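Keep the structure open beside the text as you read.

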Amino acid sequence: MFHGTLDEKSLRYLRKYCDYFSELALQDYECHQFLRFNLACSIIALARKCIGLLLPWNEELEELTSLSWIDIETPFRYLFVLFSNSSPDLAQKCEKYCELSQLTNSRNQYQTQQTASDTSMIIE
């Protein structure tokens, strides 16, 4: 897993994953249950996770979209299951990056820290 800016190869893979997940979502009727914007953001998050980014949904993306991880977690998980079913070999390669329980735990820890710092600011 890596941090920071993406090189050209990683950016190319990111775009390919986004295209693939978009097509996958368009072909699955159950994806209509999600808000389109949330689904699009979860596609980006899943693509970021598959190329090995530590946090698929970071503060910058939250600010740009006004969506938190909680807003996109359900479509993200649904898309990952679709991905696993449609391309088991490719999903298996990405699975080491898509440890969903770790992802949720890291987001929960981050949110707990944010809440604690927000509370301390209010108290001061």
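This is a predicted model: local features need pLDDT of at least 70, side-chain atom pairs count only at pLDDT 80 or more; totals for chains, interfaces and linings use all residues.

S84 counts as partly exposed because its relative accessibility is 24%, where buried means under 20% relative accessible area, exposed over 50% and partly exposed in between (1.4 Å probe, protein chains only). S84 has its place in helix α4.

Residues are numbered from 1 along each chain as its sequence is written, and side-chain values use heavy atoms, with hydrogens and water left out.

Stepping back, the protein has six helices and zero strands, both taken as DSSP runs numbered from the N terminus (helices are H or I, at least four residues; strands are E, at least two). Of its 124 residues, 39% count as buried. Among contacts (heavy atoms within 4.5 Å) between residues at least 6 apart in sequence, 74% join residues at least 24 apart.

Axes here are lines fitted to C-alpha atoms, for helices over the stretch in contact, and angles run from 0 to 180 degrees between N-to-C directions.

| Helix pair | Angle between axes | Axis distance |
|---|---|---|
| α1 and α2 | about 135° | 9 Å apart |
| α2 and α4 | about 65° | 8 Å apart |
| α1 and α4 | roughly 95° | within 10 Å |

Helix α1 spans residues 8-27 and helix α2 residues 36-50; they pack at an angle of about 135°. That angle makes α1 oblique to α2, given that under 35 degrees counts as roughly parallel, over 145 as roughly antiparallel, 65 to 115 as roughly perpendicular and the rest as oblique. On the α1 side the contact includes L14, Y17 and F21, and on the α2 side it includes I43, L46 and A47. By class, this contact has 11 nonpolar, one polar and one charged residues; Ala, Val, Leu, Ile, Met, Phe, Trp, Tyr, Cys and Pro count as nonpolar, Asp, Glu, Lys and Arg as charged, and the others, Gly among them, as polar.

For α2 and α4, the residues that meet include L39, I43 and L46 in α2 and W69, F76 and L79 in α4. This contact has 13 nonpolar, two polar and two charged residues.

The axes of α1 and α4 cross at roughly 95°, which makes α1 roughly perpendicular to α4. Y17, Y20, F21, L24 and A25 of α1 make the contact with L79, L82, F83 and S86 of α4. Its classes are eight nonpolar, one polar and no charged residues.

What does the largest nonpolar core hold? It has 29 residues, and those with the most contacts inside it are Y17, F21, L79 and F83. Such a core is a set of buried Ala, Val, Leu, Ile, Met, Phe, Trp, Tyr and Cys residues joined through side-chain atoms within 4.5 Å. The elements giving two or more residues to this core are α1, α2, α4 (69-86) and α5 (88-95). Beyond its neighbours within four places in sequence, F21 touches I43, L46, A47, C50, L79 and F83.

Finally, Q33 is found in the loop between α1 and α2 and counts as exposed, because its relative accessibility is 53%.
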